[in-house]
Amino acid sequence: MKHISPILASIALLASLGAVAQTAPRMPIPVPGINVQQLYMAHQKKANDMAKKSDRIYIPTTPGVRVMSQAETARAEAKTKETVKKTLITKMEMTSDNGRREYCNVTYNEYGHFKTLDYGTYKMQYDYEYGYGNHWTKKTVTRVDGNYSTVESKEERTLDNQGRVISIKRYEQADEKMVLASEEAYEYTHNADGMLVKQMVYNIYDGSVNSGLIRQWFAPTKSYVEAEWHNYSEKLELSIGADYYEVKCYEVTYPDYDKYVLTRTERHYYTADGKECGNELTMYNNGKVESKEGSKTEYQYNTPEKGYTTTITNRIDENGMWTKAEKRVATDNYDDPLIPFSGSRSEKEYLYNSYDDSWALLRSCTKEWTEQGYLKQVEVDNEYEDESGTYYYMYDDKGKKIGCVYPFGNGDYVVEVEEDTEESKDIYTCFYTFYDKKGNITRQIKYVGNDDSKDEYTNTEPAYTFYELKNGTWQKLSDKISIGDGDNHLEATLNEKGWLTESIEYENGTINNRSVYEYSPSGYTETSYCILGGQLNKSSLTSVSKDAKGTYTYVHYIYDAMGNVTWAQKHVTYANGIKEIYYWDDDRRDFGNAYASATDLVSTDDNGVKTTIYRKLDPDTNTVVETGKREEYSKDHRHWYASYRKEDGKWVGEYKQETITSDRISFKVNPLQEPLKANDEYFSYTDMGDEYLLETMSSLHIDYYWNNGEWKIREKSGNEYSVDGNKYTEKQIDIRNDENGYYSERTIVSETTRDANYNIVEDNTIQTEITKEPQYDESTGGMVVKTSKHNVHEAPKYYTYDSEQRLTKEVFENYNTDYLANNPQRHFTGRETTVYYYAEMDVVVGIDNVGTNNARPMFAVSGRNISLVNAEPTAMSLYTIDGQLVATSTDGQLTAPNNGMYIVKAGNLKAKVVVK
C-alpha cells in the first residue's frame, strides 16, 4: 500500500483487492546473499501492485481512504489426491569464460515442492509437514555443508477446515536462534479468494515492528478499513464501531525510544448506507488532550416531506463539546448533475441560535428548467442582500455549465460564453449567441478584450472591440444592442470602430451600472455610474491620453454619493521612459507631489521569446538607466530563462537555466523470469500479472555560464527516452563543465529489445566516460585543454526462450574500449552463461472433489483445446499475445489455431496459456 504521511502512514477503506492470498508472487529460492525477510518483501510486491491497479474512489477529507466494490463470497471444497504432469526446473548451470562453473541441481518431493537444491559445495534441504487437503503447514529450510547443517528459516501455516491459509509465521536465524521475522493473517468471510487482514514485519534482533498493516471489515461501507505504517518509530491501532472507524497514532519520543506515546486520534463517521458524515480529530501532548476538532452530520431522510433530506451538522466547540451548527433542507436531487430537464430542485440553509434553540434562515435557492432548456436560479441571501437575485444558466447534456443566459420576454434568449483564446497574450473572447424560443440561432456577436495590465497607463484605445458574424465573417459591429430584456440584462451602444460609447447593466429590473465613453484623437475618457446613496450617481472617471511629444497621461478618480473625490491617481509616462506617479491629497483637494520612476520595456519576438528590460531613474542625472534584462521562453516541452546585467554598455549574462520534458513513453514487456522460484500452491503468481510497461516521463535540466559573449553548458543532467519498434532506449546524461576548461561527461545508454511475445531478448548497457582538463603542453610551453579519459564500457545481455516461453539461457558479456590508447579497439573482457534445464514429472496435487459447484473457475489446456472448468458454459475469446482475435466460442470450449502463447478470456476471467 502507498505510504501517505509520516504520522498516519496510510488509512484506507478497501473492498476486495482481488486474489491477494492466491495471486501474490511465488517466493524465490533462498539463494546465498538473500535472506528470508528480503524474499518476504518481494513476495508482497505483487499484492501491493494489484491493489494500486484496482479502481477506487478517493474521499478528499480523509487522505488515503478508498472504497472499492466487493467480490461475491465463494467457498472451496475439500481436496483429494491426483497425479498430473508438470514441467519443473531441474538444473541451473552457470559457466564463465575464465573457467568458473556454478550449478544447482533441483529435486522435488511427490507434491512438486522443493526437496533439495544442491549447489555442489553445499545444499539447501526442504522439509515439510502436511495437513488438510495435501497442503503443507510447516516448511523448514536447512543449509547442509558436509557434516554441518544449520536451519536457516522456518514457515508455519494454519489452515481452516477447507484447506485455506488463515495465518502465516516466518522465522529466520538471528543470534544463533530462530526468531519471528514476519507474520500474516487472512480471512475469507467477505472475499472468497482471501483477504490479507494482518501483516507485520519485525526486526529480528530486537523484536520491534519495522512495518505493519491491519485491515478490518467495516459494515457501513461494505469494505475493509486499512491502516499501514512503515517506520519502527510509529504504530497504529485500528478499531471499528457501529457507525465509525477510529485510528490511534503512536510515536516514540526522546529519550524513551522503546515507549510509544499516543499523539493523535482520528475517528471517521459513516451512515448505515456508507455515506461519510463526519470526522473527529484529537491531538495529544505528553499524553494529554491538546486540541480537538470535528464535525458530524445527521441525515434525516424524507424530512420535512417525501423527496427532501434534512441534514444537521454538529461541530466541536472551543470547550471540546458537540453542539449544533448548521442545518440544510434540500431536495434529494439538489446535488445531482444539472442536466437539462432533470427536475426542479431547492435548498435552504440555516444557522443555529444557541440562545433560544432556534434555526435562522440564512439563504435559499431554487432551480427550475425553462421550456427552452436553460436553468432559472433564484437566490435569496438574508445575510448578504446584494447576493440575492434571479440568474439563468445553460448546461450541456453532461451537466457542465456552458454560460450565462439573458432571456427576452417573447421567449428568445442569449447565451454568453467566455473563452481565453490567446491566454499567453492576455487576450480573451466573449461570445453572445442569440436564439429564438425554439432554439434556432438568429444572431452571433462577440467582443475581443485585452486584459494585459501593463498597457493600462499607456493604452489610448479601449480594451474591448465588438464584432458580428455576417455572411461567414466577423465584422466590426456599429449598433445599439440589447442582451436580453428581463430584470437582469445588458444594453450597449457601439461606434463605427466597434467600441463602446455606452453600456448599461440592469439588475433586478433597475440600472445597476452605467458607463459612458468619449473618444478623441489623443485618447478616451470613461465615466462610470453605479448605485450610491440609493440612486445612480457618478462613481468613477478614467482617462488616458497621449500628447504630441509622446507623453501619456492616465488619470483615475473615485467619487462618493455627493460627487466628491475620495481617491485618485495620476500616471505621467514620458517618451524617455520616466514615469511620474501622483496621489490624491485630501487636504489640498488636488494631486500631491510626484514620485518619479522608470518604466520597464517588455516585448515578445516572432520566436516566442519574451524580453523584459528593467530600468530605473538615476536621481543625479534624471535619466533612465537600464539595470537588467530577462529573457524567457515556454512552449511545448521546452522552458528556459536567462538573466543579464549591464556592464560598459553591454549585456553580460549572469544565469541561464533550461528544462526539456519528454512525452510519456510506454513500452510493454514481460518482466524477466526467475526460473528458481519456490513452488508454492497457495501463493503462485497469476499469468496476467506478468506484463508491465516501461513507462517514463522525465526532464532534462541544463545550466549555463557566460563565456566570451555567449552561453555555454555548465551542467546537463537528466534522461532522454525513445522507442523504435521493438527497441526501447533510455539515455542518462551527466555533463559538468567550467570556465577553466575542466569537462566531464558520463552517459549511460540502456537498450531493451523484445520479441513478438514481449519477452526481453536483449538488454544492453553502454557507459561512456569522457574527461578533459588543462594540461601543460611542452610544444607551446603553456596550458592547453586535453582529453585525459575516454572510455566506453558495454554490458550486453541476451535471453533465450523455449517454445513454451520459458527462459532457457542467459548470456552476460562485457566489453571495454579506450579511445586514448595507441590503437583503440573494442576489447572483450568476459562472458557468463547460465542455462536452465526443465523436465516433465508426475506431481501429486489436490483437486476439487467431483461434483462441487463452488470450486474456483479456471482454464484447462489439453493439446490445442482450451476449456473453462468449474463454471457454467459461456462465451470465450482467444487472442494472440499482441491482441489479435483468433478464435471464439459460446459453449466454454475452443481450439487454438497453432502452438504458442495466447490470452484467453471468458467474462471477467482472463489468463495467459501456452499451447503445444
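The legends below describe close-up views of a predicted model.

**View 1**
Beyond the neighbours within four places in sequence, V378 is in contact with S364, C365, T366, G389 and T390. The C-alpha atom of V378 is separated by 8.7 Å from that of Y392, and the two residues are 14 apart along the chain.

**View 1. The open sheet β58-β59-β62.**
Three strands make up this open sheet, in the order β58-β59-β62, and their pairing is antiparallel. Strands β58 (858-862) and β62 (893-895) are at the edges; each has a single partner strand, so one side of each lacks a neighbour in the sheet. From one strand to the next, the twist averages 20°. Strand β59 (residues 865-869) pairs with β62 in the antiparallel sense over three bridges. For N865, the bridge partner in β62 is T895.

When neighbours within four places in sequence are left aside, the contacts of T817 are H790, N791, V792, Q825 and R826.

**View 2. Cysteines C404 and C104.**
The structure has zero disulfides. For C404, the closest cysteine sulfur belongs to C430 and is 8.8 Å away, which is too far for a bond; a disulfide would need the two sulfur atoms within 2.5 Å. C404 is partly exposed, at a relative accessible area of 28%. C104 is buried, and its relative accessible area is 0%.

**View 3. The aromatic pair Y557 and F591.**
Across the whole structure, a search finds 37 aromatic pairs. In the pair formed by Y557 and F591, the centre to centre distance is 5.9 Å and the angle between the planes is 50°, an arrangement classed as tilted. The pair links distant parts of the chain, 34 residues apart: Y557 belongs to strand β38 (residues 552-559) and F591 to strand β41 (residues 590-591). F591 counts as buried, its relative accessibility being 9%.

**View 4. The aromatic pair Y633 and W640.**
The ring centres of Y633 and W640 are 6.4 Å apart and the ring planes are at 15°, so this pair is stacked. The cut-offs behind that assignment are centres within 6.5 Å and planes under 30 degrees apart. Both Y633 and W640 are buried.

**View 5. A cluster of aromatic rings.**
Y111, Y128, Y130 and W136 are joined into a cluster by ring pairs.

**View 6. Lysines over tyrosine rings.**
K235 has its charged end over the ring of Y250, at 5.1 Å from the ring centre. K656 lies over the face of Y704, and the distance to the ring centre is 4.6 Å.

Notes: Residues numbered from 1 in each chain as written. Predicted model: local features only at pLDDT ≥ 70, side-chain atom pairs only at ≥ 80, totals over all residues. Heavy atoms only, no water. Contact = heavy atoms within 4.5 Å. Pairing = 2+ DSSP bridges. Helix = DSSP H or I, 4+ residues; strand = E, 2+ residues; numbered from the N terminus. Axes fitted to C-alpha atoms, helices over the stretch in contact; angles between N-to-C directions. Buried < 20%, exposed > 50% of the residue type's maximum accessible area, 1.4 Å probe, protein only. Phe/Tyr/Trp six-rings, centres within 6.5 Å; stacked < 30°, edge-to-face > 60°. Lys NZ or Arg CZ within 6 Å of the ring centre and 35° of its normal.
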